[in-house]
Amino acid sequence: MKRLIAIVAAFCACGAFADTKTWAGGEKGSWHEGANWDPAGVPAATDDVLIAGAVEVNWTNGDWAPNGTVTVSGGAKLVQIGGMWPLWGDSTHLILDNGTYDCDSAGQLRIGNGKITIDHG
């Protein structure tokens, strides 16, 4: 019984229950503002992210190592301004479904075992 409790505790502690964060910040705004997301709060590395519609989301000068899926769809635009965004993990996935990802000259998108899917229908 103690072993089962230890396994369950370890499973819960490692963040296995990721949220899906959906952009709710209007036409243009900052990734880093918790009020721009539903549910509220800046996406954690384990969260899946959905940015959809005629919006522009700016992610600025930070290193972020997601371990979930980031979906940019329906004409939305994700703009990386500086920093490094590594797609290392097997479960890391950037999906551009009729959406745009733009990285300025100071930013880096590094791809390891992660995936990028582009579908402009």
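User: A salt bridge is a side-chain nitrogen of Lys or Arg within 4 Å of a carboxyl oxygen of Asp or Glu. With that in hand, what is the N to O distance in the salt bridge of Lys-28 and Glu-56?

Analyst: Happy to start there! This is a predicted model, in which local features need pLDDT of at least 70, side-chain atom pairs count only at pLDDT 80 or more, and totals for chains, interfaces and linings use all residues. Residues are numbered from 1 along each chain as its sequence is written, and side-chain values use heavy atoms, with hydrogens and water left out. The side chains of Lys-28 and Glu-56 meet with an N to O distance of 3.6 Å.

User: How many residues apart are Lys-28 and Glu-56?

Analyst: Strands here are DSSP runs of E with at least two residues, and helices are runs of H or I with at least four, numbered from the N terminus. Lys-28 belongs to strand S2 (residues 28-30) and Glu-56 to strand S5. The pair therefore links distant parts of the chain, with a separation of 28 residues.

User: Is Lys-28 buried or exposed?

Analyst: Buried means under 20% relative accessible area, exposed over 50%, and partly exposed in between, for a 1.4 Å probe and protein chains only. Lys-28 has a relative accessible area of 56%, so Lys-28 is exposed.

User: Which residue forms a salt bridge with Lys-77?

Analyst: The whole structure holds two salt bridges. In the one made by Lys-77, the closest N and O atoms are 4.0 Å apart, and the partner is Asp-102. Lys-77 lies in strand S7 (residues 77-81) and its partner in strand S10, so the pair ties together parts that are 25 residues apart in sequence. Lys-77 is partly exposed at 29% relative accessibility, and at 33% so is the residue you asked for, Asp-102.

User: What is the overall pattern of helices and strands along the sequence?

Analyst: The protein has one helix and 12 strands. Read along the sequence, they follow α-β-β-β-β-β-β-β-β-β-β-β-β.

User: How is the ring pair of Trp-31 and Trp-37 classed?

Analyst: Rings of Phe, Tyr and Trp (its six-membered ring) pair if their centres lie within 6.5 Å; planes under 30 degrees apart count as stacked, over 60 as edge-to-face and the rest as tilted. The structure holds three aromatic pairs. For Trp-31 and Trp-37 the centres are 5.1 Å apart and the planes stand at 70°, so this pair is edge-to-face.

User: Which tryptophans do ring pairs link into a cluster?

Analyst: Trp-31 and Trp-37 are both buried. Ring pairs link three residues into the cluster: Trp-23, Trp-31 and Trp-37.

User: How far apart in space are Leu-50 and Ser-73?

Analyst: Leu-50 is placed in strand S4 (residues 48-52) and is partly exposed at 32% relative accessibility. Beyond four places in sequence, its contacts include Trp-23, Trp-37, Thr-71 and Ser-73. Leu-50 and Ser-73 are 23 residues apart in sequence, and their C-alpha to C-alpha distance is 7.8 Å.

User: What is omega for the peptide bond that joins Asp-38 and Pro-39?

Analyst: Most residues other than glycine have a negative phi, and most peptide bonds are trans. Pro-39 is in the loop between strand S3 (37-38) and S4. The bond joining Asp-38 and Pro-39 is cis, with omega at about -5°.

User: And what is the phi of Asn-98?

Analyst: Asn-98 is found in the loop between S9 and strand S10 (100-103). With a relative accessible area of 42%, Asn-98 is partly exposed. Although Asn-98 is not a glycine, its phi is positive, at about 60°.

Definitions and conventions. Contact means heavy atoms within 4.5 Å.
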